[in-house]
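Reader: I'm new to protein models and would like to learn how to read one. Could you walk me through it?

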Amino acid sequence: MPDALTVAARANHVLVGVLILAGLAFAAIGAAQNDTFYLRLATEALIFGGLALSVDILLGYTGLLSLGQALYFGLGAYLSALVLKAVPSFWLALAAGLGAGVVLGLVGGIIAIRVRGVYFALITFGLAQVVAKVVYNTRSLGASDGLLGVPIINIDLGLASVSSASPAGFFLVVLAVIIALYAVSAYILDTPFGRLLIALRANDRRVPFLGYRTASLRLSSFVFAAVIATVSGTLYPMLRGFVSPELLFFSTSGNAVITVLLGGVGTLMGALYGSVLLTVLRSLIGTWTEHHLMIIGLLFMGAVIFLPNGLMGLVRPAVERLLMRKARP
Amino acid sequence: MAEVLDYVQFVLAPQVVTGLAFGVAVILVAIGLTIIFGLLDVINMSHGEFYAFGAFAALALGWLGLPFWLLLILVPLAMLPVGYAVERMLIQRVFNRPDRHVTTLLLTFGLGLVLEDAFRLGFGPNPYRPDTPIPGAVELFGIFLPNYRLFLIVVGAVVIAAVALVVYRTRLGAMVRAAAFDRNMAASLGVPVAWVYAGAFAFGISLAGFAGVLLAPIYSVFPTMGRDFILMAFTVVIVGGMGSIAGAVVAGLFLTQVQAIAALYISPVWTDPIVFGIMVVMLMVRPQGLFGRLGHA
Amino acid sequence: MTAPVLEARDLSISFGGLRALDGVSFAAERNRITTIIGPNGAGKSTLFNLISGALRPQSGAVFVEGVECTGAPPDRMLAAGVARSFQITNLLFDLPVAENLRLAAQMLERPRKYWLPISLSRIARARVAELLERFGLAHKAGLAVAQLSHGEQRRLEVAVALAGKPKVLMLDEPTQGMSHGDTEDTAVLIRSLAAEVTVLLIEHDIGLVMNLSDHVIVMHQGRKLAEGTPASVRANTAVQTAYFGHA
């Protein structure tokens, strides 16, 4: 009988396939219609989906609620903007984000990892608040206006070249990057190391008696999540041409947490589908009223109370059942 | 020598007083937060928004012509049923889940967002500055001290002392501490635990609202004021010890004075990192804070 | 004579004013079942905690096959070959039974294969299948631990401790809360384990202790009161006084 965790992983494969196909179709239709707005919106949804992925790795797998992941995302975005203004290279910006993610993750992790639960949430919250405030007040980083004038870049993919100005083209690039981040995360979570993170969430007091150091496991998880967030952040200035301190504010971290909860905690796919869902909701609600925050907040509270497993909680069991039926005709 | 005296008289003393006024309000908010945590084991992420709630309510009622002293009594009282309703209708729904800590944190976080946007809906995003209810200043030993701040310090201190008295010296307080210490035991001894929980939450947010009314004329009223305030409140609670009122008082005084005096020498931007740094160090060195839990006080 | 598999010398620890353990020494010989008994509060679980790395002793030493391991954290004690089960079931309740076992068995893989897919950890997965058979849990392998009966969970505790092929298996009241039938089955199981591991047992069920043990250690108020064969301990007047208040 296949392991329950592996069946869940396989259901995720199906869902990822659906997402990729939908993305390709969306890009094709958008390109045909010369659309810019919706493609850019979808691209942004994917980028923030990467941030949500980072939150889910910590919350849904390691069992740690971070209320400050925007710190890594925002700093990744700022770094990317600085790199691109000097050298307009996609790969360099991405690489810088990767390296920064490791360093920032280690620094932030060493501070935060000593505590758990509520204290962890508060430390991550506080850390993000403090750094956000410093960035907001730093003139060389553009202070409250942020960094503007990030150039349009040409992304060299070997066989072809895509411009970041091309709505459909860049959408596909971002889709590829985010799916790659997802794939790496999914792979790692199906290894003994990843399963240990899951064990930490299930009962962290038992883990040392299974032969492992919880501190180093949590730190590794934290660095991993930080890298995912930072790399996602590097994509932002390529899309919008600027970065601003809002990217580091609590609202960004908070939105990521909401995304994960609405999508489904501990599913990885929930982060991505959740981001799409939230973006759609926000534009829809935004057409009636300015106060989408309140409505999203109410939806969120409703989800916490009534639908704790989020969207994936509804969709994935159905997919899993389909898979099990195919395995045993 | 004269320069030192001058410095004390014109720079240091007023700053200390400002710090005290802020400190008293922070302590009120922190006490509410720590009671809610000490009793319900709930991290109220919307606590800052209830602080804002008090300020906005005072603003609105003030426009209707109600005098300040009446607001000071009415707003906190009016917030009690609000808090009671929130606890019974929202928090209780997720209270018995195994992952209660995370769920209540998320739930109150959502509530905070809703409240913040509600303020924006009702009052707009721009700050309001209610008039100082007690204008002017008094001269004490050659130091000019604003009347309102002195009033704030006195009123706040009285309320804090009253709360401490009730919690540590009365039968009601004993019941509350018993319920914090061991819920089931307290219930079997006849303590109405459900009422105690709802009442504690209501009282906690009411204290925050009271602080909001007090500080509104000094720091203005705007939708995100709760978010800015909450980090300091949480820091006080953590440094003082989750669940400890004495801790909230000591840590509150200490941290606000550190912030006030630091602001004399360094840019205000850097006072936040200092406060946060103290919280982090405390969590790393002595996670239970200075004084530990309410039930064990 | 070779060193005993596990040896404790003069272990002591105090909690505040309470001297929980006071100079306790004993040795567990290879492939024997050594049982620790004693009234509540005697310090049995504290002794386990000191040896397994959950607590650091304030004085004394612990040796595994002659090598000193005093104060090593749980993960290093496990690497040295000392595994323990818990009196209050301490498993990963939301995860499947098989996953609990696999996590414990992963250490058998050489190389450890942390970063390769689970499906490649064949040794660990084989061990899981073997343990599921042996402990009668194969039909529940995919269920979450929380869905098992109390007796099954206690059995799983033992299985998880055994998964990494330890040298010393420390079982803290494995039959706690079990029905009579389950207790008998568990006794048979423990007896069969003695062939491959050295068993150190804490137990309250005197019948079980007498039938199962090769060697009994009696603790009382933090000290070792007596030790010897089950029969000799039973006849010991000091032990009788400690348990019953009179000889």
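**Reading the chains and their contacts**

Author: Happy to! Keep in mind that this is a predicted model.

Reader: What is the radius of gyration of chain C, and what should I compare it with?

Author: You compare it with the value for a compact globule of that length. For 247 residues that value would be near 18 Å, and chain C has 18 Å, so the two agree. The C-alpha trace of chain C spans about 60 × 40 × 40 Å along its principal axes.

Reader: How many of the residues in chain C are buried?

Author: Buried residues account for 43% of the 247 in chain C. Of the contacts in chain C between residues at least 6 apart, 65% link residues at least 24 apart.

Reader: Now the neighbours, please. Which elements of chain C touch chain A?

Author: Start with the counts: 29 residues of chain C contact 20 residues of chain A. On the chain C side, α2 (74-80) and α3 (97-105) are the elements that give two or more residues. By type, that side has 19 nonpolar, 5 polar and 5 charged residues.

Reader: And where does chain A touch chain B?

Author: Here 29 residues of chain A contact 31 residues of chain B. On the chain A side, α5 (117-136), α9 (250-263) and α11 (292-306) each supply at least two residues. The largest share, 11 residues, comes from α5(A). That side of chain A divides into 20 nonpolar, 7 polar and 2 charged residues.

Note on methods
Residues are numbered from 1 along each chain as its sequence is written. Chains are lettered from A and ligands numbered from 1 in the order in which they are written. This is a predicted model: local features need pLDDT of at least 70, side-chain atom pairs count only at pLDDT 80 or more; totals for chains, interfaces and linings use all residues. The radius of gyration is taken over C-alpha atoms; the globule rule is 2.2 Å times the number of residues to the power 0.38. A residue is buried if 20 or more other C-beta atoms lie within 10 Å of its own, exposed if 12 or fewer, and partly exposed in between; C-beta atoms are placed from the backbone. Two residues are in contact if their C-beta atoms, placed from the backbone, lie within 7 Å. Helices (H or I, at least four residues) and strands (E, at least two) are DSSP runs, numbered from the N terminus. Ala, Val, Leu, Ile, Met, Phe, Trp, Tyr, Cys and Pro count as nonpolar, Asp, Glu, Lys and Arg as charged, and the others, Gly among them, as polar.
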